[in-house]
Amino acid sequence: MEKVYVSKTASRGIAVAKIYKYEELDLSPVQCKIPEQDKEGQVSQFLDARESVRAELEKLAVTNEIFSAHLEMVMDFTLEDSVKSKINNDAENAESAVSEAIAEVAAVFEMMDDEYMKERAADIQDVGKRLMAQLKGVQLPDIGNLQEEAIILAKDLFPSDTVKINTDYVKGIITEEGGVTSHVSIIAKNLGIPTLVGVKGILGKLNTGDTVCMDAGEGVIIISPEEAVLNEYKQKKQEYEDEKQRLEKLRDKPVITKDGKKISLCVNVGNAEDIERALPVKMDGVGLFRSELLYMENTHFPTEEEQFQVYKRAAELCTQELTIRTLDIGGDKELPYFEFEKEDNPFLGWRAIRISLDMKEMFKEQLRAILRASAFGNVRIMFPMIISVEELREAKAVVEECKKELREEGKEFCENIETGMMMETPASVLLAEEFAKEADFFSIGTNDLTQYLLAVDRGNKKIADKYSYFHPAVLSAIKHIIDAAHKENIKAGMCGEMAGDVKAAEILLGYGLDEFSMSAGSVDYIREELLKLTGNI
């Protein structure tokens, strides 16, 4: 018997079953230089493979919108141009050209510090896997064919793998790579399958047929458990299922303090599909819509109309509050179609609101799209990385300029749309009282705020132990922000990781936080904790 401890829980739960080791096909390209007369044929092979993949994805997109994004990726003209260039200019064969082009696009996402963005690389690679399988004329393995209960073990899984999962047989998932915000993790969470990701070295420890107990909530895998341990985990599994049902019964209970104040429980999302998946937890709205994903998964700056359709759908899905953060790129977030100047310290450089105010026409296209969407729901605008009152006023002035244009064009929007700001810099903390006079709401971004206050790079593993939002300086800053907001009768929310941490709930409630916004999977647990703290259960 061996016990393995894991830090990345993608989906809570307990599973007891035998391992099914998912072996991927070798899709590495055959590399060879091709003569001039073969180039046209190689391009045709790529286009034929792409057409087959497009047809596959169109069918999948009917029932799962993740594949709508994959469909856009495979038909992306940038990908096509890259593949054709490698064939025509570099004399590469189709397999090699596709493999390199996919790797280049995926690398843009993999280099990012933001986990949500970083893990979009898996979606690009999934598209590449489909293309390579078509080029090689092979059938991809299908875990939908399982006929007995099993825990899937794989190096990594892609959305096209997990979408075929039959929950009658797949009782758990363990991957050696991957992250908690990948689409695979999201799908697994929606299916209620216990999932642990990023378990280094696990492939070398297990084989098909090995018995395993896993507790994804605690981050524990027990290999070849003894009979007593096996029985213990079967009992724990039943207890977990009972707890899950109990938490679901609490979803209709509002969190109200003893003095009658309602605490809002919201979710952080990257697109409208995330909202749809979060609806079962009965959240009070979206506290953070990361609009940058719309830019980063595109081949060009999205037009006003393209953005409007996305924001409109989000507003219609989220009948309560929908807070859209304006473009937050720069730092670790780049665009495949826009070249940023190299900066020695991009996290302190040209990013977020600084880019928007410098690229005013781009900013106006986004604001006009958000304003138009506000006619279809309770939409709010939130500006990132504000460090001065002048910046906030300038951003608000652009909003007013867009309103004027829309009025003249006869286009509907909410005249009283709220404009707020992220509180994520030391400057915003020190000037909180001044900002509270200008903003309609605050949202505390504890990820960057902690990084900047403590001068600790949250992506640096050597000093990871120094990064903590429980540091007295961070806690003091959070309390100051909330107090400043309440002094001017505006609400203070939080959309950083701390909002979804059960251990932080009592502190934040005590400070008077009005809104907790987090991943959908954390809402049930935060709701229960707050209901206990407020004496509602």
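A residue counts as buried when its relative accessible area is under 20%, as exposed when that area is over 50%, and as partly exposed in between, using a 1.4 Å probe and protein chains only. By this rule R393, at 45% relative accessibility, counts as partly exposed. The model is predicted, so local features need pLDDT of at least 70 and side-chain atom pairs count only at pLDDT 80 or more, while totals for chains, interfaces and linings use all residues. Residues are numbered from 1 along each chain as its sequence is written, and side-chain values use heavy atoms, with hydrogens and water left out.

We begin with the sheet. Helices (H or I, at least four residues) and strands (E, at least two) are DSSP runs, numbered from the N terminus. Two strands pair if DSSP finds at least two bridges between them. An open sheet is formed by 8 strands in the order β1-β8-β7-β3-β4-β5-β6-β2, with mixed pairing. β1 (2–5) and β2 (9–11) stand at the edges with a single partner strand each, so one side of each has no neighbour in the sheet. Within this sheet, strand β5 (residues 170–175) pairs with strand β6 (residues 195–196) in the parallel sense over 2 bridges. There I173 stands opposite T195 in β6. Helix α9 (residues 227–249) packs on the sheet and touches β3 (14–21), β7 (211–215) and β8 (220–223). Touching, or contact, means heavy atoms within 4.5 Å. The direction of α9 makes about 115° with that of β3; axes are lines fitted to C-alpha atoms, for helices over the stretch in contact, and angles run from 0 to 180 degrees between N-to-C directions.

Two helices also pack against each other. Helix α4 (residues 94–110) and helix α6 (residues 121–136) have axes 8 Å apart, at an angle of about 175°. That makes α4 roughly antiparallel to α6, a label for angles over 145 degrees, whereas those under 35 count as roughly parallel, 65 to 115 as roughly perpendicular and the rest as oblique. Among the residues that make the contact are V98, I102 and V105 of α4 and I124, G128 and L131 of α6.

Next come the cores. In soluble globular proteins, nonpolar side chains tend to be buried together. A nonpolar core is here a set of buried Ala, Val, Leu, Ile, Met, Phe, Trp, Tyr and Cys residues joined through side-chain atoms within 4.5 Å. The largest has 131 residues, and those with the most contacts inside it are I275, L322, F383, F442 and F516. Helix α19 (residues 472–487) supplies the largest share of this core, 8 residues. Not counting residues up to four places away in sequence, L322 touches I275, V286, F289, Y311, A314, A315, N378, V379 and R380. A second, separate core of 17 residues includes A15, I174, M214 and A216.

Strand β14 (residues 418–423) pairs with β15 in the parallel sense over 3 bridges, and S443 is the bridge partner of M422. Strand β16 (residues 491–494) also runs parallel to β15, joined by 4 bridges, with F442 opposite A492.

What does P384 touch, leaving aside its neighbours within four places in sequence? The contacts are R325, T326, L327, D328, A352, I353, M422 and E424. P384 lies in the loop between β13 (378–383) and α15 and is buried, with a relative accessible area of 0%.

Charged side chains come last. A salt bridge is a side-chain nitrogen of Lys or Arg within 4 Å of a carboxyl oxygen of Asp or Glu, and the count comes to 48. R372 forms one with E305, the closest N and O atoms being 3.2 Å apart. R372 lies in helix α14 (residues 360–373) and E305 in helix α12 (residues 304–317), so the pair ties together parts 67 residues apart in sequence. R372 is buried at 12% relative accessible area, whereas E305 is partly exposed at 38%. E401 and K364 meet in another salt bridge (3.0 Å, N to O), which links helix α15 (residues 389–409) to helix α14. R393 forms a salt bridge with E438, with N and O 2.8 Å apart at their closest.
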